[in-house]
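This note is intended to accompany a first reading of the structure. Please keep the sequence and the structure in view while working through the numbered points.

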Amino acid sequence: MERRQILKTTGFAATAWLTGFAGCSSSNPDASEETGTPSNEATNTVLMVTEGSTYYFDPIGLFVESGETITFEIDNGSHSATAYKKGTGGASVTRIPDGAKSWDSGILNKQGATFEHTFKTTGTYDYFCIPHKSLGMVGRIVVGEPGGPAEGSMPPDGKVPESQTIVDQKAVSYSNFSG
Ligand SMILES: [Cu+2]
């Protein structure tokens, strides 16, 4: 009898302590900042940007797992996201894995306009913007792990980050890449 009373009391005290603790941590501004950070980084959106006379994809290098979808979105200007696959959007070379699905958004020109593509085949995918290909607007996506015809060389129209850098950093911003 005496023993049971002690257990009850202890149980109540623990509940009160936990409730108090939970209330305390949720009102702690440091704690909520910490939980907000990872979700901000986990975005599969590539912006297509015109900045003065510079045209670029941002991030210029992006890693995703097989089966994930990437959204290409107009930040401003007119752009396309077009795979380097011979015969797609005027591409003269193929720089996506064997058997991988090609894509071409066509030219989008409204701010906020988007095009989505789901990547299934693992490997390295280089792509370009049709209107700005000759000005070096190119990007690279690594799905799962690097591989395929894009490895070992740079696209004919511009430079992209090395695949291992993309794997290590998950996303390589244009400003970090171009210095
Ligand atoms: Cu462009």
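This is a predicted model: local features need pLDDT of at least 70, side-chain atom pairs count only at pLDDT 80 or more; totals for chains, interfaces and linings use all residues.

**Notes on the model**

1. Of the 179 residues that make up the protein chain, 33% count as buried. The average pLDDT of the protein chain is 84, and 76% of the residues score at least 70.

2. One region calls for caution. Over residues 5-41 the pLDDT stays under 50, and for this stretch the model has 1 contact beyond four places in sequence.

3. The secondary structure of the protein chain consists of 4 helices and 9 strands. Along the sequence, these elements follow the pattern α-α-β-β-β-β-β-β-β-β-α-β-α. Among contacts in the protein chain with a separation of 6 or more, 63% are between residues 24 or more positions apart.

4. Attention may now turn to the sheet. Strands of a sheet pair through backbone hydrogen bonds, in either a parallel or an antiparallel manner. Here, 4 strands form an open sheet with mixed pairing, in the order β2-β1-β4-β6. Its edge strands, β2 and β6 (114-118), each pair on one side only. From one strand to the next, the twist averages 15°.

5. Within this sheet, the pairing of β1 and β4 is parallel and extends over 4 bridges. Valine 46 stands opposite phenylalanine 72, which belongs to β4.

6. The largest nonpolar core contains 35 residues, and those touching the most other members are Leu62, Tyr125, Tyr127, Cys129, Met137 and Ile141. Two or more residues are given to this core by each of β1 (45-51), β2 (54-58), β3 (61-64), β4 (69-74), β7 (123-128), β8 (138-143) and β9 (171-172). The element that gives the most is β8, with 4 residues.

7. Which residues does tyrosine 127 touch, not counting residues up to four places away in sequence? They are Ala81, Thr82, Ala83, Tyr84, Val138 and Gly139. Tyrosine 127 is also one of the core residues that touch the most other members.

8. Is glycine 87 buried or exposed? Glycine 87 has 9 other C-beta atoms within 10 Å, and a residue is exposed if that number is 12 or fewer; glycine 87 is therefore exposed. Glycine 87 lies in the loop between β5 (82-83) and β6. Serine 102 is 15 residues from glycine 87 in sequence, and the two are 9.9 Å apart in space, C-alpha to C-alpha.

Definitions and conventions. Residues are numbered from 1 along each chain as its sequence is written. A nonpolar core is a set of buried Ala, Val, Leu, Ile, Met, Phe, Trp, Tyr and Cys residues joined through C-beta atoms within 7 Å. A residue is buried if 20 or more other C-beta atoms lie within 10 Å of its own, exposed if 12 or fewer, and partly exposed in between; C-beta atoms are placed from the backbone. Two residues are in contact if their C-beta atoms, placed from the backbone, lie within 7 Å. Two strands pair if DSSP finds at least two bridges between them. Axes are lines fitted to C-alpha atoms, for helices over the stretch in contact, and angles run from 0 to 180 degrees between N-to-C directions. pLDDT is the predictor's confidence in each residue, from 0 to 100.
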